[in-house]
Amino acid sequence: MRTLNLSLALVALTLAAVPASAQKPLDKTKPLWDPANDPYTQGGKPELMEAAGYVSMGGFEFGPPPMTTKEVNEFFSYLDLRWIETEHFEIGVALPKVKVTQDERDKIRGELTRMVEFFPDINVKTRVMDPWLRAHLYAQRLEDHYANVQEFLGVTDETFAGCTEIWNTTTPYWGIGPYMGQLGKFEVLLLPSEGSAKDYLQVKLGLTTKLTQRWNILERETLQLVVHTDQGKLKVDESLHGHVVFNTTQMLLNSFKHYSYDKPIWVREGASHYFERNINPRFNTFDAAEGSAAAKISKSDWKGPTAKLVKSGKAPSFASLVKKRSFAELEKDDHLATWSIVDFLVAAHPEFLPAYFARIAGLKNAEFLDDATDLPNVERTAFKELLGMSYAQFERAWHAWVLENY
């Protein structure tokens, strides 16, 4: 099954990225993007790569087969595309250098301080992040977020260690591979312009869009995220960080126990908002269906508007949210509600979401084939058995929590 999802970024601040300038190469015989010119791994030293948790810095499969990083480099001959393969991701980054804003300073210094443990040449007080540093930073951020989502789902790598393409029907089903149940590592491509993204999406994936794209590469059992920074205000690093987290959350949750069908929209959108807003509530992403505009919220404060909806009796009913099957169905108030419901569950019922996802993911029919036909009943039963609540009772509990905490 192939799926196409679009996401729009809406942020409250603007800042132009500093134009890329020529980086002083360590090895003048090789291009700037070659690991030989990475000042932080000191030209790709194995001991530094291992300390950072890197598997490689290029030479792996990426995109639809038979493509590899070599073919993508050739396709983007006009870009300096840096590659990093971590434990769970394959990442391509072609971002220019960017200034560290006053608002971002403490956050980025904290991130860079962690990296000093394995990259001793990092200046944690740098005012400008060069292209190589940005690539390493996104490698760290993606792995951090993978760990956060694993905690959210109540799983570890060990949970999926025994997953194979041929499932032993006598044991619990957790997917077909080690990456949340997927066979292949998750792929992320960060590009500096709308034109470069459109070229890749049209030529390599056959898509006609200029927006952020999540795509299921069925042949390799992996999901790919393609983002360019000409949309919204993604030239702001903190905004781009949140946008990547939002979209990666969608991919990881859909992939849980293998991506055989879409997980419920209410919980995916709500969780994606939850994780993105934990980075900075000023920057928010909103999913849209192909050919439609996303309902967007311009304010950074979502607690006040959500409490107002609940008090007025105009909050979307939980029963209506559970029935939504397309991003095109999401209204502005639905985004507030789904975010708030996940916030409520994490705070008041932390044991529920891991157990809920364990039930709704990896559904099989009598012939042991992937089948989400009974998903609505499975969801309803999960709420009754795990929380002891009907949808109406759950809605009242959520409303009461909002009025007390928002």
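**View A. Ser340 in helix H10 of the predicted model.** Ser340 has a relative accessible area of 0% and is therefore buried (under 20% relative accessible area, with a 1.4 Å probe and protein chains only). This serine belongs to helix H10, helices being DSSP runs of H or I with at least four residues, numbered from the N terminus. Beyond neighbours within four places in sequence, Ser340 is in contact with Thr306, Trp398, Trp401, Val402 and Tyr406, where contact means heavy atoms within 4.5 Å. The model is predicted: local features need pLDDT of at least 70, side-chain atom pairs count only at pLDDT 80 or more, and totals for chains, interfaces and linings use all residues. Residues are numbered from 1 along each chain as its sequence is written, and side-chain values use heavy atoms, leaving out hydrogens and water.

View B. Leu375, Val378, Glu379, Ala382, Phe383 and Leu387 are buried in H12. They lie on the same side of H12 because they cover an arc of only 135° around the axis, taken from the directions from the helix axis to the C-beta atoms. The buried residues of H12 pack against helices H7 (265–279), H9 (318–323), H10 (332–348), H11 (352–360) and H13 (391–405).

**View C. The end of H12.** Gly388 follows H12 and has a positive phi, near 70°.

Key: Buried < 20%, exposed > 50% of the residue type's maximum accessible area, 1.4 Å probe, protein only. Helix = DSSP H or I, 4+ residues; strand = E, 2+ residues; numbered from the N terminus.
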